Amino acid sequence: MQKDDELDALHKKRGIFFCVNYFYTGIVEDWNATVIKLSKPAKVYETGPWDKEKFQDEQVLNMEYIYIHRQSIESSGLAK
C-alpha cells in the first residue's frame, strides 16, 4: 500500500477517525488511496467529556482488522 504525509504520523499508533456515521479507533496498520486498515478496532458510541482519559462508550469490535473507507472520513487524529 502507498504512504502519505497525513497518515505517516499515525502509522502503528492508535488513531481516531470521525466518519459520516460513527467514530472509529484502532492501530493504523496500512492504507491506500481508498481504505485505511485498523487493527484492534473499536467504535465510539459516546465520547463523554473530551478532557477525560477514556471515552464514555467505546466498544471493541470482535474483528482482527477493519477497513475504513477514506471517502467516509471527515477528520482524523491521534486517539487518547
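Contact means heavy atoms within 4.5 Å. I start my notes with that cut-off.

**Entry: ground rules.** I am reading a predicted model, where local features need pLDDT of at least 70, side-chain atom pairs count only at pLDDT 80 or more, and totals for chains, interfaces and linings use all residues. Residues are numbered from 1 along each chain as its sequence is written, and side-chain values use heavy atoms, with hydrogens and water left out.

**Entry: Tyr24.** I looked up its contacts, leaving aside neighbours within four places in sequence. Tyr24 touches Gly15, Ile16, Phe17, Cys19, Leu38, Ala42, Lys43, Ile66 and Ile68. Is Tyr24 buried or exposed? Tyr24 is buried, at 17% relative accessibility (buried is under 20% relative accessible area, exposed over 50%, partly exposed in between; 1.4 Å probe, protein chains only).

**Entry: rings.** I found five aromatic pairs. Rings of Phe, Tyr and Trp (its six-membered ring) pair if their centres lie within 6.5 Å; planes under 30 degrees apart are stacked, over 60 edge-to-face, the rest tilted. Tyr22 and Tyr24 are edge-to-face, with centres 6.4 Å apart and 75 degrees between the planes. Tyr22 is partly exposed, at 35%.

**Entry: charge over Tyr22.** I checked Lys43 next. Its charged end sits over the ring of Tyr22, 4.0 Å from the centre (the rule: NZ of Lys or CZ of Arg within 6 Å of the ring centre and within 35 degrees of the ring normal).

**Entry: core.** A nonpolar core is a set of buried Ala, Val, Leu, Ile, Met, Phe, Trp, Tyr and Cys residues joined through side-chain atoms within 4.5 Å. The largest has eleven residues, including Tyr24, Leu38 and Ile66.
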